[in-house]
Amino acid sequence: MENFDQKEAFRQALTGWFNAEKRDLPWRQTKDPYKIWVSEVMLQQTRVDTVIPYYERFIDAFPTIHDLANAPEDVLLKKWEGLGYYSRARNLQAGVREVVEQYNGIVPDNRPTISSLKGVGPYTAGAILSIAYGKPEHAVDGNVMRVLSRILLITEDIAKPKTRKIFEAAVTNLIDHEDPSSFNQGLMELGALICTPTSPKCLLCPVRDFCQAFHEGKERALPVKTKAKKTKEIQFLSLVIQNEQGKWLMEKRPKGGLLADMWQFPLVESLTDDVKNVYGIEKASLFLEFKHIFSHLTWNIKCMAAHSTKADDLSENCRWFSEEEMEELPLPVPMQKIKNEVMK
DNA sequence: CAAACGTGGCT
DNA sequence: TAGCCAAGTTT
């Protein structure tokens, strides 16, 4: 794919296929940069099928950039509940507020400015610029690296951060200036539907004639990617504590780190006398035991139910919630599991 | 740069 | 089952 004619034929094959075969996804019915932005953030490390219902509920709740800018954080997080990577939601709102305050509500249309927004990295910047504004900017995600590693026989380890630059340069070289949106999305759609990780459907591929890996029978050996290491396991005891008014005790997690600043049923290492004193409980009974696997660690959770004689808040990061208030509280999935068991 | 950061589906 | 994977960003 050195000469102009080859590149042009590749672009035509890719964008032609994309426009004929693309899936009908909710965020493909708009060019509103705000809505494209929301979809791109939700799609980070998250499957299309998972995102669809979240996207629709989110846009219903916050139809414009101003609606999201004005939303209370707990309302925002309730819409994000269960999607994971909750800093994405907070960063998105921070970025949106910056656009409203600094740019009159207009999402920037150039890479340096849009990249300065919270939560907008090199991929998301390129995606918004190309899809919403039609700019010929690279948008390199995992799909693009897999697809291009095969087409161009690039054997660099895609797990290494610096490797992304190689693919960005490749896209910049190849991109269709007539339709950058279809080109970038076509690369990703191809990765999602045809050029899949384990069993690529090369016989259905619209660009197999351009694919060096297919030509050499090496498509299954690419991309090169070093293995992730195993997750560590941690044991916790979760305390489900109800007071005499029937309210539940919830605790705010630390500002940084895992599930930052999210509410949880108080989490301790074990049921010591000290713990009993702090929470005003005497006896507690085991009612649930489960495992929750995060990307880099595993929680083994034992859940014990207890009653407390205390009615006032027990500390700065603890509060009692009525059953109705519990419904409004955004909870991470392991805490939802406990809540569902308790409330049923 | 390596590691942290959620969750669910697939093999 | 255990591991890998999915439209990445931040620190």
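Leu259 counts as buried because its relative accessibility is 12%, where buried means under 20% relative accessible area, exposed over 50% and partly exposed in between (1.4 Å probe, protein chains only). Welcome to this predicted model, in which local features need pLDDT of at least 70, side-chain atom pairs count only at pLDDT 80 or more, and totals for chains, interfaces and linings use all residues. Residues are numbered from 1 along each chain as its sequence is written, chains are lettered from A and ligands numbered from 1 in the order in which they are written, and side-chain values use heavy atoms, with hydrogens and water left out.

Let us stay with Leu259 for a moment. Its phi is near 50°, a positive value in a residue other than glycine. Leu259 sits in the loop between β2 (248-252) and β3 (263-264); helices (H or I, at least four residues) and strands (E, at least two) are DSSP runs, numbered from the N terminus. Asp261 lies in the loop between β2 and β3 too, and its phi, near 60°, is also positive in a residue other than glycine. With a relative accessible area of 13%, Asp261 is buried.

Another backbone feature is the cis peptide bond from Leu222 to Pro223, with omega near 0°. Pro223 belongs to the loop between α12 (212-216) and β1 (232-242).

Now to the DNA. 27 residues surround DNA strand C, and the closest are Gln45, Gly119, Asp141, Asn143 and Pro197; a residue is near a strand if one of its heavy atoms lies within 4 Å of it. Of the atoms of DNA strand C that come within 4 Å of the protein, 66% belong to sugar and phosphate. The table shows polar contacts, meaning pairs of N or O atoms within 3.5 Å.

| Residue | Protein atom | Atom of DNA strand C | Distance |
|---|---|---|---|
| Asp141 | side-chain N or O | sugar or linking oxygen | 2.5 Å |
| Gly142 | backbone N or O | phosphate oxygen | 3.4 Å |
| Arg146 | side-chain N or O | phosphate oxygen | 3.1 Å |

The elements giving two or more residues to the surface near DNA strand C are α2 (33-43), α8 (122-133) and α9 (142-151). That surface has nine nonpolar, eight polar and ten charged residues. Here Ala, Val, Leu, Ile, Met, Phe, Trp, Tyr, Cys and Pro count as nonpolar, Asp, Glu, Lys and Arg as charged, and the others, Gly among them, as polar.

Finally, an unreviewed UniProt entry lists residues 42-193 as "domain: HhH-GPD". The span is 65% helix and 0% strand, and its end C-alpha atoms lie 19 Å apart.

Definitions and conventions
UniProt positions renumbered as here; feature names shortened; annotations may be inferred. Polar contact = N/O pair within 3.5 Å; in protein donor to acceptor, adjacent residues only side chain to side chain.
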